[in-house]
Structure formats: structure tokens, C-alpha cells
Amino acid sequence: MTRLLRRLLLLTLGLYLFLPILASLAYSLATSWTTLLPEGYTLKHWANLLENQRFWLSLGRTALLSFSVVALSIFFLVPTLFVVRMYYPKVAGVLEFLTLWPFVFPGVILAVGLISLYSGPPLQLAQTPFLLIAAVTVISLPYAYRAVDNAFAAADIKTLAEAARSLGADDAKTLAWVILPTVLPGVLSGGVLAFSAAFGEFALTQLLIGTLWETLPVYQVQLARTDGNGSAAITVLSFLAAWGLGFWALSLRKDAKVSVI
């Protein structure tokens, strides 16, 4: 492959990735856009958005939802993978298969099933944030599972655990003080993936709770009907948040690797 061809491929990939973001940014700043390029630029749409209390409330709910999903995903995945890798390695394939199930069921079917199940006693959780957090955690698990499982697979868990036991540590201390720092880079990557999946989740949120507990994607769709420029500004902010979180996680990964070494 020649140098020119490699550069063309990289340029094509860069345009494919960044052109939609640049177009969203330009549209959020445009006074009007009826030709190839905007006819003028203004910060009015951004100012209106940042002064809107509904935007900040929906952003706060989305952050709460996303961080709750990350905490639950790590809480369930790390101990489970530790037990499976240590004592039941033959179950790993079954566990991996189960994590793919959320991809099999469309969001509509999942939402209808959850609403039917939790609309009556003993757990009346329909149209509450608790059911939404639990549901989004389930559909975000496959993303986090891949990163965390790869970290467990790359580490020599059994040797580390045996060394910790020889020093008197039980399983809980081994997991907390030996295994978790070792797999921390993978856990951080899984957390970022789960956060991103939860942050942008719209279909399940709309079906389960709608505007009763309005998150940022739901608010963005509502806003797009009256103010497309403001909706484009939310798109740009979402990308910036995802990138910022990704770079922050990468910096933590480097620190974690150094501390482990």
C-alpha cells in the first residue's frame, strides 16, 4: 500500500468520523442554512439552551442514570467474572452467551415486558427511574462485559489469587486489593462504554418513562420539533462529553498501569 493511498484512507476515515460533528456544530451556530453553507453565525441558540432550566434538569437526570448504570455494571460484573475465572471456567462461555441476549430482544419488546411485569404487586416499578436504571443496566452490560472480561483473561488471576492466599488474604480481600487493581484498566474501559451507552439511550427511556423523568435524549427529540439548532447544540455537547470522558478514562488507565507495574 503506497503512502498516498494510506493518507487517502486516513483522510476518508477522518471525514467519515468528524464531518457529522462539524455539520452539527455549524448548524448549531447558523442563523439560517438554506444553501451549501450557513448564511451567518450566531451564539443565540447556545445561549438559549444554556439558559433553559429544562436542559440542565434533563442533563442531571442523564448523568444520574449513566453513573448508576456504570456502578451497577461494575458491581455485577467484577465479582461474577472473578468467581467464574477462579472456580467455574467452563461457565465462561455460557456467561458470554447470556450477555448477548440484550442484543437479541428489540427495545420495544423489552419495554412492554418490563411494564407488564412491574405494573402490579409485589414490585410496582413501572414509570419510575428505578426500572429505567435497571433496564438500561441490562442493555449496557454487553458493552462493559467485553472490556472487563478481556482484562480478566489477560491477567493471571489464579496465580495472583494463590499468592494473596499464601499471605492470608481471603477471596474478598484478594478481589479488592489484588485482582481489582490488576484489571482496573479494563474496568475503566468497560465503565466508559456503559456510560456512553446509557447517556445516549432514547428508545427504552421513551417507552418506559417518557417525559415523566425526562433525560437529555428525550428532551433533545422534543426540542428538535421547535428548535433544530438547539438540538444540534445538544449533539455537539454529547460528543464533547463522550470525548472528555474517554480521555479522562485513558489517563486513569495509564496511571493504573504504572501503579500496577
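This is a predicted model: local features need pLDDT of at least 70, side-chain atom pairs count only at pLDDT 80 or more; totals for chains, interfaces and linings use all residues.
Residues are numbered from 1 along each chain as its sequence is written, and side-chain values use heavy atoms, with hydrogens and water left out.

**The overall picture**
- The C-alpha atoms fill a box of roughly 70 × 65 × 35 Å, taken along the principal axes.
- Of the 261 residues, 36% are buried (under 20% relative accessible area; exposed is over 50% and partly exposed in between, with a 1.4 Å probe and protein chains only).
- Take the contacts (heavy atoms within 4.5 Å) between residues at least 6 apart in sequence: 71% of them join residues at least 24 apart.

**The largest pocket**
- A pocket here is an open set of points on a 1 Å grid over the protein atoms alone, with protein on both sides within 12 Å along at least five of seven lines, and lining residues have an atom within 4 Å of a point.
- The largest pocket has a volume of about 350 Å³ (the space filled by probe spheres set on the points, which are joined across faces, edges and corners).
- It has 16 lining residues, and S196, F199, S238, F239 and A242 are the closest to its centre.
- Helix 9 (171–199), helix 11 (216–224) and helix 12 (228–260) are the elements that give two or more residues to this lining.
- Helix 12 gives the most, with seven residues.
- By class, the lining of the largest pocket has ten nonpolar, six polar and no charged residues (nonpolar is Ala, Val, Leu, Ile, Met, Phe, Trp, Tyr, Cys and Pro; charged is Asp, Glu, Lys and Arg; the others, Gly among them, are polar).

**The second largest pocket**
- This one has a volume of about 190 Å³.
- Its lining includes F76, L77, L95 and Y145.
- Helix 3 (53–87), helix 4 (92–99) and helix 7 (129–154) each supply at least two lining residues, and helix 3 gives the most, with four.
- The lining of the second largest pocket splits into nine nonpolar, two polar and no charged residues.

**One side of helix 4**
- The buried residues of helix 4 are A92, L95 and T99.
- They sit on the same side of helix 4, because they cover an arc of only 60° around the axis (the arc is that of the directions from the helix axis to the C-beta atoms).
- An α-helix has 3.6 residues a turn, so residues three or four places apart point the same way.
- The buried residues of helix 4 pack against helix 3, helix 5 (101–104) and helix 7.

- N229 is found in helix 12, and it counts as buried because its relative accessibility is 13%.
- The N229 side chain reaches the backbone oxygen of Y27 at 2.7 Å and the backbone oxygen of A30 at 3.4 Å.
- Leaving aside neighbours within four places in sequence, N229 is in contact with Y27, S28, A30 and H45.
- Q127 lies in the loop between helix 6 (107–117) and helix 7, and is exposed, with a relative accessible area of 54%.
- Q127 has a positive phi of about 60° although it is not a glycine.
- Most residues other than glycine have a negative phi.

Terms used:
On a 1 Å grid over the protein atoms alone, a cavity is a set of points where a 1.4 Å probe fits but cannot get out, and a pocket is an open set with protein on both sides within 12 Å along at least five of seven lines; lining residues have an atom within 4 Å of a point. A polar contact is a pair of N or O atoms within 3.5 Å; within protein, one must be able to donate a hydrogen and the other to accept it, and residues adjacent in sequence count only if both atoms are side-chain atoms.
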